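This report describes a protein–DNA model, beginning with the surfaces near the DNA. The sequence and structure are shown below.

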2 protein chains.
Amino acid sequence: MSRAQITTDAAIAAREEILQAAAELFTDLGYAMTSIDAIAERLGATKGRVYYYFKSKADIFFDIQRAAMARLNAEVEPIARSNLSPPDKLRAMARAHLGMLLADLPIQKVSVQGLERYLFHASGYRYVNELREINQLRDTYEQIFAEVIDQGAREGYFSDMPPRLLTKPFFGALNWVTVWYRPRKIQDAESNRMIVETLVSFAMQGIQKDINDGAGAP
Amino acid sequence: MSRAQITTDAAIAAREEILQAAAELFTDLGYAMTSIDAIAERLGATKGRVYYYFKSKADIFFDIQRAAMARLNAEVEPIARSNLSPPDKLRAMARAHLGMLLADLPIQKVSVQGLERYLFHASGYRYVNELREINQLRDTYEQIFAEVIDQGAREGYFSDMPPRLLTKPFFGALNWVTVWYRPRKIQDAESNRMIVETLVSFAMQGIQKDINDGAGAP
DNA sequence: TCGAAGACATACTCACTCGTATGTTTTTAT
DNA sequence: ATAAAAACATACGAGTGAGTATGTCTTCGA
């Protein structure tokens, strides 16, 4: 046989390397425009190597999604379990979320934008199960934030709009970084902290109760 | 010859119809996965019709971008020229911007997400001029918002973070709607107003000076 | 040491799609 | 009415890319 079900350490590393290369190409060129040959070439290899670890192109795509969501969860869930106050907790979660987006940019870019629909109507409704699995993961993740916002709203910290609706612009302000951000070769340490703090502060202010409408100037 | 340079009324309508169909397919399937035949089929026609009005697939893509930016500009620029106070002006601009996103969803989805890079490295650096043209349009548009934010900050209304950086989460909170929003068959009038007001309020609160950090509860 | 499985590379097929070239019908000007 | 141009449809050519089948080298356990 040929499938590499024996997930040894080396095999996991090999898969990860492929996922990274694929993610970079997916974000640069899009899913369909990225050929398996191009992924292999980026690794100094050929198709044989890729198809040894993944059974199809779509399989690579979905594994990127799973990896991205798993890493976000690993960072954010522990914070959600802590007993900080809702504002402090939410701010810490937002920092962790955004930090992971920037640290793992290629993979997170593929995951965070609504690109899964590529394979929905396409290829005649295959991958329905995988699609639902990914949507399930994202829903569960978003729910973690929604609950904190909900609790914060009940305790009077946040706006009392529907929490599920508030998560949208909240994630929007943060996730949009995957659209506009281009990693520089230098000047990343301090600049990134500035970006994170600005975006997180923006998002935190956004869900705050609005005390009054547009006052504060002469 | 065959090129339809005579932009009569009917020709403009025919082109618009093609742009609409193409935009819907681009957002559902992605650029490369959308075949010209699929676009034609959606119109009950064949390739001949499409290639009569557009000289290439990329041409359709760029025309979508131009149309999207032109419509946003047409709605927002007049407001920017008015002499409202910075907060009122910015809020009105945000409403107009978001309203156009929802009213023209397929085309705006293609435009608003960072999908232009599809054709950057791909196809060996053709379309460099078109790419720069589109980026120029978006930059100019973003600048309109940046200036209002800048003025508002100088007058003490808004946060004093760099305006160019503040536009990012501002647009993020609004533009993210193109990622999560799915138009329902019914229940659109009131629901859409709710969405618009929630997102615009969120964005407006986000750029406000933060008076203090996380207070307002028991 | 040697055979089997692991880890790829190479060669090939099949399906699909862009763009073009050419045919056909409908509209329009005279 | 008729010739010409517009507005398509149809047929085809060439290229590309996913997936497969098979070959080759390397590692590793007995």
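## Surface near DNA strand D

At least two residues of the surface near DNA strand D are supplied by each of helix 2 (36-42) and helix 3 of chain A and helix 1 (9-29) and helix 3 of chain B. A residue is near a strand if its C-beta atom, placed from the backbone, lies within 6 Å of it. Helices are DSSP runs (H or I, at least four residues), numbered from the N terminus. With four residues, helix 3 of chain B gives the most to this surface.

There are 22 residues around DNA strand D, and Ser35(A), Ala45(B), Thr46(B), Gly48(B) and Arg49(B) come nearest. By class, the surface near DNA strand D has ten nonpolar, seven polar and five charged residues. Here Ala, Val, Leu, Ile, Met, Phe, Trp, Tyr, Cys and Pro count as nonpolar, Asp, Glu, Lys and Arg as charged, and the others, Gly among them, as polar.

## Basis of the model

The model is predicted; local features need pLDDT of at least 70 and side-chain atom pairs pLDDT 80 or more, while totals for chains, interfaces and linings use all residues. Residues are numbered from 1 along each chain as its sequence is written, and chains are lettered from A and ligands numbered from 1 in the order in which they are written.

## Surface near DNA strand C

DNA strand C is surrounded by 22 residues, of which Ala45(A), Thr46(A), Gly48(A), Arg49(A) and Ser35(B) are the closest. Two or more residues come from each of helix 1 and helix 3 (47-53) of chain A and helix 2 (36-42) and helix 3 (47-53) of chain B. The largest share, four residues, belongs to helix 3 of chain A.

## Contact between chains A and B

Chain A and chain B each bring 43 residues to their contact, where two residues are in contact if their C-beta atoms, placed from the backbone, lie within 7 Å. On the side of chain A, two or more residues come from each of helix 1 (9-29), helix 5 (86-103), helix 8 (163-175), helix 9 (177-180) and helix 10 (189-207). Helix 10 of chain A provides the largest share, eight residues. This side of chain A comprises 22 nonpolar, 14 polar and seven charged residues.

## Helix 4 of chain A

Helix 4 of chain A (residues 57-81) bends by about 30° at Ala74(A), and Pro78(A), a proline, follows within four residues. The bend is the angle between axes fitted to the seven residues ending at a residue and the seven starting there.
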